[in-house]
Each structure stands twice: as C-alpha cells, then as structure tokens.
Amino acid sequence: MSDLSRITPALLARYDQPGPRYTSYPTAPVWSPEFSHADWRAAMADADREADRPLSLYVHIPYCDSMCWYCGCSVLITKNVGRGLRYVDYLLREAELLAEALPNRRRIAQHHWGGGTPTFLPPKELERLYTGLQRLFPSEPDAEVSIEVDPRVTSIEQLEVLAGLGFNRISMGVQDFTREVQEAIHRVQSVEETLAIVDGARRLGFASVNVDLVHGLPYQTTEGFGETVDTIIAWGIDRVACYSYAHVPWLKKHQRVIPEEALPGRDEKHALFLLALERFAAAGYEALGLDHFARPDDPLSIAARSGTMHRNFMGYTTRMASGDVAEDMLNLGITAIGEVAGRFTQNVKELRRWEEAIDRGEPAIEKGWRRSADDEERRRIILDLMCRFRLDFSGYEDRDGLAFAERHARALAELRPMQDDGLVEVDADGVRVLEPGRIFLRNVAMPFDAYLRRQRESDRPMFSRTI
C-alpha cells in the first residue's frame with residue numbers, strides 16, 4: 001500500500017493554510033518599491049563581471065484575445081493585433097537597455113516567452129522579436145528555447161516560424177477537457193485542436209512538448225479529470241505540470257465570476273491530484289518537485305535524479321550540460337520578474353508606465369530586493385526541499401560559530417509535528433521529505449521563511465492555500 005493512503009481528511013485540514021509556492025525567496029510581497037535605478041545599475045554591474053556564466057531570459061507577452069476566469073497571470077485583453085506590434089517595438093528597446101548595462105555578458109542558456117499568449121503575435125512579429133533579441137543576447141548552441149502557446153489561437157504557420165527560429169520546447173495549457181469545466185472558466189478548447197498543435201510541434205522537430213493541467217477548478221470530478229489525464233498519457237506528452245488552482249479573487253478580480261460553490265472541496269481537490277499522481281506513475285512518468293511529471297528520459301527527470309533541478313519564476317528548470325545553472329535571469333515586458341546578482345526586480349504592471357520608462361531610457365522597475373546573507377541561506381534551504389526533497393545539514397557551513405540546528409532551531413521545532421504525522425524525517429544529519437510529505441511540500445518549506453510570520457499578521461491576504 002502506498003504511503004499516500006495515510007493522508008487523511010484530518011491531515012489535509014491540519015495543513016491546508018495560505019502559503020507561498022516559493023518560485024523565489026524572499027517571495028515577491030516582501031520586495032520593496034524603494035529599490036532604485038541605482039540599485040538596478042549596481043546589480044547589472046555585478047552581473048557583468050561574471051562574463052563566463054550564461055544568463056536566462058524571460059520575455060512577458062501579456063496579450064490574450066479573451067480572459068480565462070481561472071487565470072492568475074498578468075494579461076491584457078484585446079483583439080487588436082496592432083497593439084502587439086507596438087509592444088514588440090518596446091521590448092526590443094528595453095532589451096537594448098539591458099544590453100548596454102551588460103557589455104560583457106550576453107550569452108543565453110534558457111530563453112523563455114510567457115504570457116498572456118505569446119502566439120497572439122503574428123508570424124512576422126514572432127520572427128522580428130526573436131531575431132532582434134538574438135542579435136543582442138545570442139543563445140548558446142545547447143540552449144533551451146521555449147514558448148507558451150494557446151492551441152485555440154496558435155497556427156501551424158506560427159509553429160513553423162518558431163521551429164525555424166530555434167525554439168525547441170513548447171508548452172500549452174489544457175487545464176481539463178471536460179466541457180462543463182471549460183465553460184465555467186471561459187476557456188473552451190477541444191481535444192482535436194489541442195492534438196493538432198501537439199502533432200504539429202512534433203512533426204516540426206520540437207524536442208519537448210509540455211502540457212499544463214489544473215486541479216481544483218469549478219465542476220471538476222475525478223471521472224472527467226481522469227479522462228483528461230488518460231488523454232495526455234495516450235499522447236505521450238514529455239512533461240506535465242499539474243498545478244493547484246489558486247483561487248485569489250482579492251488579487252485577480254475576474255476570478256469572482258467563478259461560482260465558489262462549484263469549486264471542489266479540500267478532500268475532492270486532493271483526490272484530483274492523487275488521481276493524476278497515480279495514473280502518471282503507472283504510465284512511467286516520474287513525479288518531480290511540487291507538481292510536475294516527466295518521462296524518465298526528459299531532461300527535467302534527469303536533472304531531478306542527479307540533484308541538479310532548479311526552481312525559479314519559470315517554474316522547475318534544468319541546469320546546463322556543464323552542471324551550471326543560469327540563475328541570473330533577465331526580464332523583459334510588463335510585470336516581468338528578473339533575478340540578477342542576488343537581487344530580484346519586477347517591472348511595472350501598467351503598460352503606459354512601462355513605455356514611459358523605456359522612452360526615458362530607464363529600467364521600468366516597480367519593486368526589487370537585494371538578498372542578505374540570511375536570505376541566501378534560507379533560499380538554498382527552500383530550494384533543497386522544493387527540488388530535492390532533502391536537506392543535508394553538512395552542506396551548510398557554520399555561520400557566526402553556530403551550527404545549522406542552532407541557527408534554525410525554531411524552524412526545526414515547527415517540523416516536529418510534521419515528523420509525528422509521518423511527513424518528514426529529521427535527525428542530526430538533516431531533513432528528508434517522505435512520500436506523504438511531498439503533498440505538503442509548501443508546508444515543509446514554510447518554517448524556514450523568516451518573513452512569513454509577519455505576512456500572516458497582515459490584514460491583507462497574500463497567498464493561495466496549500467491544498
């Protein structure tokens with residue numbers, strides 16, 4: 001019997017609480033609007049000194065022609081393709097500002113376009129944007145070049161252009177093929193049109209085809225979601241993210257359209273994820289990190305087995321063949337997040353303010369954060385737990401003469417109830433997340449978050465629930 005059978009409704013209730021997903025540490029609500037242009041320039045100068053290390057590049061393209069009610073991304077709704085052309089102009093100008101700040105460091109190991117819907121852009125604009133960015137920030141020969149697409153609006157012509165440019169990984173949202181669920185989230189997407197994009201990408205030579213599922217959506221049932229999972233398995237998809245729906249209507253007002261009484265309860269939502277976990281495992285997929293599944297020969301599975309899987313704002317990522325990881329990530333576009341030389345930055349959310357900053361030749365920063373020595377250690381701890389399911393105390397040198405157990409005594413004390421519940425093992429050598437504990441991975445990481453207690457005392461909700 002699987003250890004997952006030990007997860008009871010009482011256990012789910014005990015650990016179902018608001019908490020971060022830890023795509024960064026410290027998390028974005030901690031970052032300060034006081035982070036200045038001078039701070040940004042100092043970060044870029046520090047980053048430029050590491051000329052032999054590659055970079056990652058994230059490009060945010062916010063446009064969609066309709067709103068999906070479940071969406072937690074930063075999007076702009078329009079059917080006017082001309083707005084995308086102007087946006088490309090400004091992205092290339094913003095890239096020039098970055099290039100000026102990094103005269104000695106331009107090589108890109110991971111190049112990713114997200115949104116929104118990047119394939120909102122017509123083929124010629126996709127080509128204009130990519131070739132313009134390549135001129136400034138050329139990709140390594142073995143670079144991962146990836147894009148998120150919406151099968152409802154993506155054409156084979158667009159895929160042909162992307163493949164010709166060098167994109168080698170494609171990711172698309174499915175969520176759930178059940179019609180009632182799709183209508184409730186305002187995203188009706190057929191099996192046939194999705195399969196057409198999957199087959200087209202494979203025919204054109206994309207090395208990896210990935211799919212996003214979401215559990216916890218309105219009207220979802222294990223029967224309907226199970227049919228979706230079985231379809232994805234039958235297609236032989238390389239990598240699957242099975243995200244927990246984050247219902248945060250205080251942040252994303254369009255989510256208020258979703259009838260809350262139609263959302264699965266805590267136990268039902270867990271059953272949906274457990275179904276995915278069991279069926280993907282039976283089909284030979286490996287469960288990775290918080291919510292990913294991949295075929296054993298997928299680079300992400302290989303990275304997980306070797307202990308080199310990484311997590312950042314692009315989700316779970318792989319290191320290069322050299323074993324290095326392009327941790328410094330440049331950001332382009334509204335709301336886009338960057339991570340450079342121990343600092344986080346996030347661009348402004350408003351399109352007009354973003355354009356005005358670029359017109360002035362300034363970074364379009366809304367907030368940022370420079371990590372302290374304590375931040376760096378806690379970040380490493382959380383990455384070890386989220387990516388490797390273990391924490392070896394020997395990997396952390398003593399600081400100020402204090403051993404790990406002394407420095408983090410409070411966090412280790414908070415893990416004791418989880419140990420009693422069979423979620424983790426804690427001994428003199430470290431922490432190991434047991435199979436049931438992987439369901440509660442966010443909870444296991446949270447005791448090491450030095451800012452979370454203060455955030456919990458705030459009157460303003462910040463995070464989705466962990467279950």
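Student: How many cavities of 30 Å³ or more does the structure hold?

Tutor: There are 5 of them. Keep in mind as we go that this is a predicted model.

Student: How much space lies in the largest cavity, and which residues lie nearest its centre?

Tutor: About 220 Å³ of space lies there. The lining is made of 15 residues, and His-215, Ser-244, Phe-273, Ile-439 and Thr-466 lie nearest the centre. Strand S8 (239-244) and helix H9 (266-282) each give at least two residues to this lining. Sorted by class, the lining has 6 nonpolar, 4 polar and 5 charged residues.

Student: What makes Trp-40 and Glu-94 lining residues of the second largest cavity?

Tutor: A lining residue has an atom within 4 Å of a cavity point. Trp-40 and Glu-94 are on the list for the second largest cavity, which also includes Leu-97, Asn-347 and Pro-363. This cavity has a volume of about 100 Å³. Helix H3 (81-101) supplies the largest share of its lining, 3 residues, and strand S15 (343-347) also supplies at least two.

Student: Let's turn to the rings. How many aromatic pairs does the structure hold?

Tutor: It holds 20 aromatic pairs.

Student: Why is the pair of Tyr-15 and Phe-440 called tilted?

Tutor: Two ring centres within 6.5 Å make a pair, and planes under 30 degrees apart are stacked, over 60 edge-to-face, and the rest tilted. The centres of Tyr-15 and Phe-440 are 5.4 Å apart and their planes stand at 55°, so this pair is tilted. The pair links distant parts of the chain, 425 residues apart: Tyr-15 is in helix H1 (residues 9-15), while Phe-440 is in the loop between strand S19 (430-433) and helix H15 (441-445).

Student: How do you know whether Tyr-15 is buried or exposed?

Tutor: Buried means under 20% relative accessible area. Tyr-15 has 5%, so Tyr-15 is buried. Phe-440, at 0%, counts as buried too.

Student: What makes the pair of Phe-393 and Phe-404 stacked?

Tutor: Stacked planes are under 30 degrees apart. Here the angle is 20°, with 4.5 Å from centre to centre, so the pair is stacked. Phe-393 lies in the loop between strand S17 (390-392) and helix H13 (404-407), and Phe-404 lies in helix H13. Both residues are buried.

Student: Which residues do ring pairs link into a cluster?

Tutor: The cluster is made of Tyr-63, Tyr-87, Tyr-90, Phe-120 and Trp-354.

Student: Why is His-186 called partly exposed?

Tutor: Partly exposed falls between buried, under 20%, and exposed, over 50%. His-186 has a relative accessible area of 36%, so His-186 is partly exposed. This residue lies in the loop between helix H6 (179-184) and helix H7 (191-203), and its phi is near 60°, a positive value in a residue other than glycine.

Key. Residues are numbered from 1 along each chain as its sequence is written. This is a predicted model: local features need pLDDT of at least 70, side-chain atom pairs count only at pLDDT 80 or more; totals for chains, interfaces and linings use all residues. Side-chain values use heavy atoms; hydrogens and water are left out. On a 1 Å grid over the protein atoms alone, a cavity is a set of points where a 1.4 Å probe fits but cannot get out, and a pocket is an open set with protein on both sides within 12 Å along at least five of seven lines; lining residues have an atom within 4 Å of a point. Grid points are joined across faces, edges and corners, and a volume is the space filled by probe spheres set on the points. Helices (H or I, at least four residues) and strands (E, at least two) are DSSP runs, numbered from the N terminus. Ala, Val, Leu, Ile, Met, Phe, Trp, Tyr, Cys and Pro count as nonpolar, Asp, Glu, Lys and Arg as charged, and the others, Gly among them, as polar. Rings of Phe, Tyr and Trp (its six-membered ring) pair if their centres lie within 6.5 Å; planes under 30 degrees apart count as stacked, over 60 as edge-to-face and the rest as tilted. Buried means under 20% relative accessible area, exposed over 50%, partly exposed in between (1.4 Å probe, protein chains only).
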